[in-house]
Amino acid sequence: MYATFWSLLPPIIAIALALITKEVYSSLFIGILAGGLLYSGFNIVGTIEHVFVDGMVGSLADSWNVGILIFLVILGGMVMLMNRAGGSAAFGRWSVEHVKTKVGAQLCTIVLGVLIFIDDYFNCLTVGSVMQPLTDKHGVSRAKLAYLIDATAAPVCIIAPISSWAAAVTGFVDGANGLELFIKAIPYNFYAILTVVMMLTLTFGKFDYGPMKLAEMTERLEEHNRNASITGAEDQPNPPVSPKGKVIHLVLPIILLIVFCVIGMIYTGGFFDGETFVDAFANSDASVGLVYGSAVALILTVIFYLISGVLSFKECMNAIPEGFKSMVPAILILTFAWTLKAMTDSLGAAEYVAGLVEGAAGGLMAMLPAIIFLVAVFLSFATGTSWGTFGILIPIVVNVFGADMSSTLMIISISACMAGAVCGDHCSPISDTTIMASAGAQCDHIQHVSTQLPYALTVAGLSFVTYIAAGLIQNAIVSLLIGIVLTVACLLVIKKVGGKDAKAA
């Protein structure tokens, strides 16, 4: 069963069950169990050892994964501190006074998401904690907030030259300047760019479709029956919120977090040992850098709150474990998702997909970007990892084109690989970014996946058509214009058809 279609069966089972049952924990575990059974040849003892020792313990022993979990815990503590200090409540009051419309609330979320382009994990949790008071007040559903967060996380990071994603991609390109190729590929990253176009069109057009439309309608119906929390701590019984809190008690900790996370990342890349800023980012260890940065930001935030008198030391220390508790669901899902990836890796899913791509490369070269895009979408969706997809497909693309590293078609193909990986990651319920977007918006994970999926698939279909055009035209501006026009036209047609259906009903 190694390196055959069977290697993709565990994630297919997990994803299908999650979408059918709306229950993510058991679905992931059943997928993991299926992977263990296939690997061990249905030997019970072998299955248990592979699932728990090789899979779960192995995933949690990985230093990168542990770093991400520590970052999550620290960030959860910081969010709870900001809530207890009254910073989130003060921001909620300020934003209601200055941002008067639902469109404005969504635009603020998009702009903040675009500005925090350093890392997708950091983006998901930061944007969620900052914008939730504002979007709650203007009746934006948690499902829509989760979509806006997710759509400005990976899709923005993959077109930002200074980001952890750019560093990851450059590391997979041998024999060429990886950062230079990354920058050249940005105009051809149609999925990322068209996702931003779609968000803006939906926001200014004031419409939604599919399950998201139902979620937004439900939000409007329930809005008058609930007092939307502006503390972000709905699960805490009567959480003590400081009446002294001001907007600065939210803004300054976020600024500290951004500044020190950037410093932490370039520190791990050797910036303070003489490397340039760009090279330090390219060589950075995002997991360790985020831990360094968030830990320093947490300590300075506690000191700031003590000096300003909004919280006592005891209140600060009580808030931190409460923040840890709020992150437990995300940590559990991430652990299962990483374990499921370990199962697919052990079954040779990477080798199977690599063989498919190499087999397709001998066909019509102009269609290669579109083919690579589809393969990347499928692999990333099934495994829940963009970076793993980069690692598999980018070296294959480089080998297909050989010494011709400046070929426009090669640049389009590498961009198609990155775009497809982000697309699959965006759609997949077992993706860590999707999980964190749900956590950041405090939205039910399966609801986030089901409401986001039609939007992501729409952009995926439009991107596929645009990659066909790009392969034939091989001009970035013309191809991008075709994609943008198709996206806006498609969404306007959906809006018109949806309006007619509503009138008919």
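Author: Helices H4 and H14 cross in a right-handed way. The model is predicted, so local features need pLDDT of at least 70 and side-chain atom pairs pLDDT 80 or more, while totals for chains, interfaces and linings use all residues. Residues are numbered from 1 along each chain, and side-chain values use heavy atoms, without hydrogens and water.

Reader: Why is H4 called roughly antiparallel to H14?
Author: The axes of H4 (residues 63–84) and H14 (residues 248–268) come within 10 Å and cross at roughly 160°. Angles over 145 degrees count as roughly antiparallel, so H4 is roughly antiparallel to H14.

Reader: Which residues make the contact?
Author: With contact meaning heavy atoms within 4.5 Å, H4 brings Phe-71, Leu-75, Met-78 and Met-82, and H14 brings His-249, Leu-250, Pro-253, Ile-254, Leu-257 and Cys-261. They divide into nine nonpolar, one polar and no charged.

Reader: What makes Ala-3 partly exposed?
Author: Buried means under 20% relative accessible area, exposed over 50%, and partly exposed in between (1.4 Å probe, protein chains only). Ala-3 has 26% relative accessibility, so Ala-3 counts as partly exposed. This residue lies in the segment before helix H1 (9–21), and its phi is positive, near 60°.

Reader: Why is Lys-206 called exposed?
Author: Its relative accessibility is 66%, so Lys-206 counts as exposed. Lys-206 sits in the loop between helix H12 (190–205) and helix H13 (211–223).

Reader: What is the phi of Lys-206?
Author: Lys-206 has a positive phi of about 55°, although it is not a glycine. Most residues other than glycine have a negative phi.

Definitions and conventions:
Axes are lines fitted to C-alpha atoms, for helices over the stretch in contact, and angles run from 0 to 180 degrees between N-to-C directions. Helices (H or I, at least four residues) and strands (E, at least two) are DSSP runs, numbered from the N terminus. Angles under 35 degrees count as roughly parallel, over 145 as roughly antiparallel, 65 to 115 as roughly perpendicular and the rest as oblique. A crossing is left-handed if the near helix is turned anticlockwise from the far one by less than a right angle, and right-handed if clockwise. Ala, Val, Leu, Ile, Met, Phe, Trp, Tyr, Cys and Pro count as nonpolar, Asp, Glu, Lys and Arg as charged, and the others, Gly among them, as polar.
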